[in-house]
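Thanks for taking a look at this one with me. My notes on the packing, the rings and the charges follow as numbered points.

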Amino acid sequence: MSKSSSNSNSNSNDHILLLVFIISGLAVLTPILATDHIVGANRGWNPSQNYTLWANNQTFYVGDLISFRYQKNQYNVFEVNQTGYDNCTLDGAVGNWSSGKDFIPLNQAKRYYFICGNGQCYNGMKVSVLVHPLPSPPKAAVSAHNSSSDAAVLVVPQQGFRALAVSLAMLCFGFGWV
């Protein structure tokens, strides 16, 4: 193999490694905010549970998921309006699920109402959750604006910087650069 061919492969590998480093850094700095809220936690979706108490101990944000886990052939889930929730009826149902492992995205800041549609709503199989808009980023993470300059200052959160440094160290040692 000629020296220029070897040099070309080395440059190509360096570019690939740089790209991997940049993508890793961006992934580390981008927080993953979505939470999967499993209704009833380890007790799941079944009669005689206090889902109001469970929901009151959760904080739901736009982009989160609400998950229902239950016996597939025994129960189901319907999203209804407040009247359907209050009266345990399917009037105004806007969605229904019956897989036994239902993952429902909470895409809007509003109150959601879910009931079991086979009569078990009367036995407590209903839950209402209030979904909040995503919180604003902390002030430290907001770009600063200097009146004497139009340059924006990038502020990297401390945890993101640590993770980025660890990623860089892993790349350097992992690829034998050091």
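1. A nonpolar core here is a set of buried Ala, Val, Leu, Ile, Met, Phe, Trp, Tyr and Cys residues joined through side-chain atoms within 4.5 Å; buried means under 20% relative accessible area, exposed over 50%, partly exposed in between (1.4 Å probe, protein chains only). The largest such core has 20 residues, and W45, W54, I66, F68, F114, V127 and V129 have the most contacts inside it. Two or more residues each come from α2 (51-56), β3 (65-69), β7 (111-115) and β8 (126-132). Helices (H or I, at least four residues) and strands (E, at least two) are DSSP runs, numbered from the N terminus. Another core, of 7 residues, lies apart from it and includes Y85, C88, Y113 and C121.

2. Please keep the basis in mind. This is a predicted model, in which local features need pLDDT of at least 70 and side-chain atom pairs count only at pLDDT 80 or more, while totals for chains, interfaces and linings use all residues. Residues are numbered from 1 along each chain as its sequence is written, and side-chain values use heavy atoms, with hydrogens and water left out.

3. What does F68 touch beyond its neighbours within four places in sequence? Its contacts (heavy atoms within 4.5 Å) are V39, W45, V77, G100, K101, D102, I104, F114 and V127.

4. Now the rings. Those of Phe, Tyr and Trp (its six-membered ring) pair if their centres lie within 6.5 Å; planes under 30 degrees apart count as stacked, over 60 as edge-to-face and the rest as tilted. There are 7 aromatic pairs. One of them, W45 with Y51, is tilted, at 5.1 Å centre to centre and 50° between the planes; W54 with F60 is edge-to-face, at 5.9 Å and 65°. W45, Y51, F68, W97, Y112 and F114 make up one aromatic cluster.

5. K110 is partly exposed at 32%, whereas E79 is buried at 10%.

6. The count comes to 2 salt bridges. D36 and R69 also form one, at 3.6 Å, N to O, linking strand β1 (residues 36-38) to strand β3 across 33 residues.

Key. Salt bridge = Lys/Arg side-chain N within 4 Å of Asp/Glu carboxyl O.
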